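Here is a walk through one predicted model. Keep the structure open while reading.

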Amino acid sequence: MRNQDSATTGLLAGVVAFFIWGLAPLYFHLLQGIPTAEILAHRSIWSLVLALLILSLAHRLPDLANTLRDGRKMRTLALTTLLIGSNWLVFIWAINNGHLLESSLGYYINPLLNIVLGVLFLGEKLRRLQWLAVALATTGIAHELWQFGQVPVIALFLAGTFALYGLVRKRAPVESLTGLTIETLYMLPVGLLYLLWSDSPTSNLLHNSWQLNSLLVLAGPVTLVPLLLFTIAARRLNLSTVGFLQYIGPTLMLVVATQVLGEPFREGKLTTFMLVWLGLILYSIDALAQRRKLHLQGKAVL
């Protein structure tokens, strides 16, 4: 009964986390007109404030202090800061410049790119369906190149930086919130300097309306809450279930892009998405088969 309750909690947390990530573009779209770097500065500053508050309430500041004294972990987290910071920057820019559809494509590609990185850096071997899934996604990208004469740079950048972020974080066994706290701490000086030296009329909070300042401060919860919920889900669910849940995010982004923000979904773009979707279906079938195999071996995790 306890395991069932734990799995239910994990499922609910995962669904809510990916719903927030999928609908986050609506929040960032409200900040349209504010420079992308300025939004990123507020995202890092208020995420840090909220993360420190949560760590303090959870009596986990000693873990943060220990990590700050670990040179190896700090160097690794400096690299993850560059990866996640650039990912946030491009994602915010894409939303406010009419490229949310391509951003959603990037997060569809992400799980397939994770497979490739596992082969290249972790010595994993691809199973037959995984090879086919990656081949279909690659074909979709090649179709984009042939159809439009250009590589879907935004999609590949978002998928690549997020996949590499996950890979590098595996090399630094740091608890999720502690790691994010240090990453935003690394971003803090850059964010503060930008706000102090920027000539943007909104960079001085004292000159803004309380409604705008509330939106800017909200960047902290928008960043941290889904991450904490995702951590809860990852600890209570098996990997394949979390893998299926992650499709919620880019699917909602696609709906928001086409139905709310009015981005066109042309036939050529649809073909690219369909090839990637087909790859994800095969990826999911393979994950289910592996889960069943482990279950039969008595190793399945609730």
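Start at Thr 258, which lies in helix H12. Is Thr 258 buried or exposed? Its relative accessibility is 17%. Buried means under 20%, so Thr 258 counts as buried. Set aside the neighbours within four places in sequence, and Thr 258 is in contact with Leu 101, Glu 263 and Phe 265. Leu 12 is another matter: Thr 258 and Leu 12 are 246 residues apart in sequence, and their C-alpha atoms are 27 Å apart in space.

H12 covers residues 248–260, which makes 13 residues. At 1.5 Å a residue, H12 should span 18 Å. Which residues of H12 are buried? They are Ile 248, Gly 249, Pro 250, Leu 252, Met 253, Leu 254, Val 256, Ala 257 and Thr 258. After H12 comes Gly 262, with a positive phi near 75°.

A positive phi turns up again at His 59. Here phi is about 55°, although His 59 is not a glycine. Most residues other than glycine have a negative phi. Where does His 59 lie? His 59 is in the loop between helix H2 (36–57) and helix H3 (61–68). Its relative accessibility is 69%. Exposed means over 50%, so His 59 counts as exposed.

Follow H2 next, to its crossing with helix H4 (residues 71–95). The axes of H2 and H4 come within 9 Å and cross at roughly 130°. That angle makes H2 oblique to H4. The crossing of H2 past H4 is right-handed. On the H2 side, the contact is made by Thr 36, Ala 37, Ile 39, Leu 40 and Arg 43. H4 supplies Gly 85, Trp 88, Leu 89, Ile 92 and Trp 93.

Move on to Thr 178, a residue of helix H8. Thr 178 has 0% relative accessibility and therefore counts as buried. Which residues does Thr 178 contact, leaving aside its neighbours within four places in sequence? The partners are Leu 55, Asp 63, Leu 64 and Thr 67. Ala 65 is 113 residues from Thr 178 along the chain, yet the C-alpha atoms of the two are separated by 9.5 Å.

H8 also packs against another helix. H8 runs over residues 176–197, and helix H10 over residues 219–236. Their axes come within 10 Å and cross at roughly 150°. Angles over 145 degrees count as roughly antiparallel, and H8 and H10 are therefore roughly antiparallel to each other. Their crossing is right-handed. In H8, Ser 176, Leu 177 and Leu 180 take part. They meet Leu 224, Leu 227, Leu 228 and Thr 231 in H10. The residues of this contact divide into five nonpolar and two polar, with no charged residue.

H2 is oblique to H4, while H8 and H10 are roughly antiparallel.

Definitions and conventions
Residues are numbered from 1 along each chain as its sequence is written. This is a predicted model: local features need pLDDT of at least 70, side-chain atom pairs count only at pLDDT 80 or more; totals for chains, interfaces and linings use all residues. Side-chain values use heavy atoms; hydrogens and water are left out. Axes are lines fitted to C-alpha atoms, for helices over the stretch in contact, and angles run from 0 to 180 degrees between N-to-C directions. Helices (H or I, at least four residues) and strands (E, at least two) are DSSP runs, numbered from the N terminus. Angles under 35 degrees count as roughly parallel, over 145 as roughly antiparallel, 65 to 115 as roughly perpendicular and the rest as oblique. A crossing is left-handed if the near helix is turned anticlockwise from the far one by less than a right angle, and right-handed if clockwise. Contact means heavy atoms within 4.5 Å. Ala, Val, Leu, Ile, Met, Phe, Trp, Tyr, Cys and Pro count as nonpolar, Asp, Glu, Lys and Arg as charged, and the others, Gly among them, as polar. Buried means under 20% relative accessible area, exposed over 50%, partly exposed in between (1.4 Å probe, protein chains only). The expected span of a helix is 1.5 Å times one less than its number of residues.
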